Structures are given as C-alpha cells and as structure tokens.
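Keep the viewer open while you read.

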Amino acid sequence: MGSDIRLGREKPWSDIGPQRVKSSKPNQELKLHSDQDRGDGSVKYVLSGDGAGSLFLIDENSGDIHATKRLDREEKAYYTLRAQAVNKRTGRPVEPESQFIIKIHDINDNEPKFTKDMYIASVPEMSDVGTPVIQVTATDDDDATYGNSARVVYSILQGQPYFSVEPDTGIIRTALANMNRENKEKYQVVIQAKDMAGQMGGLSGTATVNISLSDVNDNPPRFPQGTYQLSTPESTEVGSPVGRIKANDADIGENAEVKYSIIGGDGVDMFDIMTDKDTQEGVISVKRPLDYERKKIYTIKVQAENTHLDPRFLLLGPFKDTATVKITVEDVDEPPVFERASYIMEVKEDASIGTMIGAVIAADPDATKSPVRYSIDRLTDLDRMFNIHSGNGSIITFKHLDRESFPWHNITVTATEISNPKQVGRVPVHIRILDINDNAPEFATFYETFVCENAKAGQVRLHNCKPCRNTE
C-alpha cells in the first residue's frame, strides 16, 4: 500500500507536510506524481537528498519510491528529500523542484530497560505498611510523544505479599505489617516494566531488587538460664575475673549492646561485673579479698539491660532481665600465719645460755589445721646467737649477749607446715638487749700533775714557789 506525493507548481511538498513511513515495513512504497505526466513515458522522476540512491530508490518512470532496508526511528527520525520531474528527451524540469520530509512513524520495537540490572535496598524491620523502600526506573527508546509505545507501567512478579510497587512511579513499598528481621532478613523482589501502558502485546523488561531488613531494637536481652554456678579459688587476686555470663539479644549492632550490673545478693560488696564490648558478655571479677575459712558461698543477682532503647517498642515490656549467680569459694592450701605481723622481745645481756626470751605462735589458716614447725632463718642470725623450739616457737639464747656490742638483734622466724613443707610463713622478731651494771667507770684521758714537797695539807698547787715556777 503506497502513499501519493503529488508534485505541482502551485503546491510544493513543503506546503503539504511530512510523509510518514512506518519503520516496521521496509518495503513500503511512496509514489511521486506530476500533473504534467500524461502517461506517455516522456517524464522521468529524479530524487536527491538524505539517503537518495542508497537508502531510498526511485523508479524514474513510475515515480515509485521504496526503502532498501528496515528503517529505525531510534537511529534517525526523519529524512529530507528533494523530488523533481524532468522531460526525458530534453532533460528540462517540467515542474519546479519540491522538498519533502519522510518522518519515520514509530512502532513498539524497543522494550523498557531498567537503569540497573540489580538494585540493593534496605528498610527497617517492623515498618508500617506502605513505607517506601526504593524507586526503580525503566526507560523506553520508543517515541514518547506518539501512542503508548514508551508509556511504561511497573508490576511486581516476585516478592509478594511482602512488597508492592506503584505502577506509574516504580516506588517499591512494604506491603506486610510487622516484618521481623529475626525471622527473615533478606528478600529478592523482581519488578517488571511493560510498555504500551501495560496492555497486551507490549514489550517488557525486568530488574531484581535485593531488599534487606535493617535491625531495630525490638528484642530485649534474655538470660538463657535463671541460675548460674561459678567457682574461684580463695587466692584469686582483686580485679581478677571469676567467670562470664551472657544475656542473649536477637538484635544486632548497637541494638544488642548490653550493660550488666549487680543489684542484690550477699556478694554485692565482694564482686563486680563489667561488659566485654566485643562479646557482650558480663565478666564477673573479685572486688575484695576472698577467704574460704570465713565464707564459702556467695550469691549475687545480676541485671542485663539494653543501652540503646527504641521508644516505639517499650510497650513490649522491660528491655532488661535478671539472673542469680552462685559463686563458690574454693579452699587453697595457704602458708601458716603468725598471730602478729612482728614481734618485739627483751632480754638482759647477762642472761645465761638457754634463757627463754619469748615465743611466737603461727597456725595453718586452712580447714585441715596442719601442725607447723618453727625455725630461725640463719641468714638473719649468722652468729647463731639464738635458737627456737621447733614445736612451740619458744626463742632462747644460744650464746652470751653483750648490749654494748649489739643492742638489738633482728631475726626472721619461719613456720612450715609439716604436711606440706612448701607452705612457709615468715615473721620478723626484734630482740632488744637490756643493760646491766657490768662495766666500771673509766677516765676519758690520762692525767699528770706535780706537788711541791713542802706543800701543806689541802693545798692543791703552789704557783709562786720556786720549784713550781721551775716546773712551769
């Protein structure tokens, strides 16, 4: 089926308007016709301009124009051509040259294409229905000004009933209430974009949208058990850990951060707790020295609570939990302990060898109450001035003492467990030597004097007599 383009002096083609050719029919013909053509074969038609002779060919006798290949509006939307009818014999124009435009009529030969093959998006869990997630966009290279070839409508192929998409805008929204990240975190949604306003016969394209639910603090911390049993030796140093407990939180990140505290029990003053930031565990440590013989079991009540609360979910209940921790103090074989931190004893310097000066007392603090053996650390009594009874701790003199030589003796006494010689206690003993009158007076220097032979009784010295003057 062709279209007539009439050539004439009074109506050049520019007054008539552009001729449309459908791009889907590459062999569709146009026909040039001159009013001067009587059908006797004396007129031939000449075509020039865009694509003449290559893309567009003309039959010089009939004026029929046809395209040599498929026309694509997206490559070139229109062509400007010039047509003229001339006398075959003389070659002279029988009419003035006319210009016309062939405008390629669009057909729906391009499917919608999304700006991305895959989209990544997230939306907070527990969001209200209709919360926007992301907007996807598809474009169509067809002519948007002509028909519905480029009018795109969006629909969801996969991802229901969790999500929906607005047909005109491509905005994806939540479609289901109370979506919980802890139940399902990731969703794959497939969106279709179809042209021709979604009508049957339209072309379509698809894109995948990977949607993740981001975490909100909608879960409180919970201890997996109500009571914990821990134990630690009585020798555990202050500040050292005793054990760990953990309240589990189904949330992640800062929403799962937990603060621990001791809120009751008879061990409040004996133990402390802090949070391990890496594991979110509660680390229980010793606050004061432990003594198995004084108290063997402590009980503390530990609380775990979230540090970042979301007011929207406070109605769900308190975001805290408690647990009871029983801590058993284990007995440790401790060295003997003296009843005093140090001893001061006195003895007279004239005390005979074997005289008892005093006694020290030490005992095993453990429940076994192992007997002890006493001894003197000879490095503190190199001259072996003293001795000690190994059974009762009595200290006696072992050599004669002299206050004028050593007024004090400082020795160290040890107490050793008989059942475990590795357990040794030590105590300093300071022995003061008391003075006795065992030294006669002595002049500090030698004195020499002279007396006159005729000196009178009671006279100390006669300075004026001749012998005295001679001596002076």
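How many of the six residues of strand β22 are buried? Five are, so to speak, under cover: the strand, residues 281-286, is mostly covered. Bear in mind throughout that this is a predicted model.

## Strand β22 and its partners

Let's start with the neighbours. On one side of the bookkeeping there's β21 (residues 271-276), joined to β22 by six bridges, with the two strands running antiparallel. Look for isoleucine 273, which stands opposite isoleucine 284 of β22. The two strands make a hairpin with four residues between them. One to click on in that turn is glutamine 280, with a positive phi of about 60°.

The other partner to look at is β19 (residues 241-245), which pairs with β22 in the antiparallel sense over four bridges. Here isoleucine 245 has glycine 282 in β22 as its bridge partner.

## Salt bridges around these strands

Opposite charges on side chains can pair when the charged atoms come close. The count for this model is 14 salt bridges.

One of them joins arginine 244 and aspartate 276, with the closest N and O atoms 2.9 Å apart. Arginine 244 sits in strand β19 and aspartate 276 in strand β21, so the pair ties together parts that are 32 residues apart in sequence. How covered are the two ends? Arginine 244 counts as partly exposed at 43% relative accessibility, while aspartate 276 has 18% and counts as buried. That last call rests on the cut-off, because buried means under 20%.

Lysine 295 and aspartate 266 form another salt bridge, and their closest N and O atoms are 3.5 Å apart. Both ends are in loops: lysine 295 in the one between β22 and β23 (297-306), aspartate 266 in the one between β20 (258-265) and β21, so this pair links parts that are 29 residues apart in sequence. Lysine 295 is partly exposed, with a relative accessible area of 29%, and aspartate 266 is partly exposed too, at 43%.

## Charged groups elsewhere

Arginine 378 is partly exposed, with a relative accessible area of 22%, whereas aspartate 381 is buried at 4%.

Most peptide bonds are trans, and most residues other than glycine have a negative phi. Which peptide bond is cis, with omega about 5°? That's the one joining glutamine 160 and proline 161. Proline 161 is in the loop between β13 (153-158) and β14 (163-165).

Methionine 126 isn't a glycine, yet has a positive phi of about 65°. You'll find methionine 126 in the loop between β10 (118-124) and β11 (132-135), and at 22% relative accessibility this residue counts as partly exposed. Asparagine 178, also not a glycine, has a positive phi near 60°. The loop between β15 (171-174) and β16 (186-194) is where asparagine 178 lies, and with 55% relative accessibility asparagine 178 counts as exposed.

How values were computed: Residues are numbered from 1 along each chain as its sequence is written. This is a predicted model: local features need pLDDT of at least 70, side-chain atom pairs count only at pLDDT 80 or more; totals for chains, interfaces and linings use all residues. Side-chain values use heavy atoms; hydrogens and water are left out. Buried means under 20% relative accessible area, exposed over 50%, partly exposed in between (1.4 Å probe, protein chains only). Two strands pair if DSSP finds at least two bridges between them. A salt bridge is a side-chain nitrogen of Lys or Arg within 4 Å of a carboxyl oxygen of Asp or Glu.
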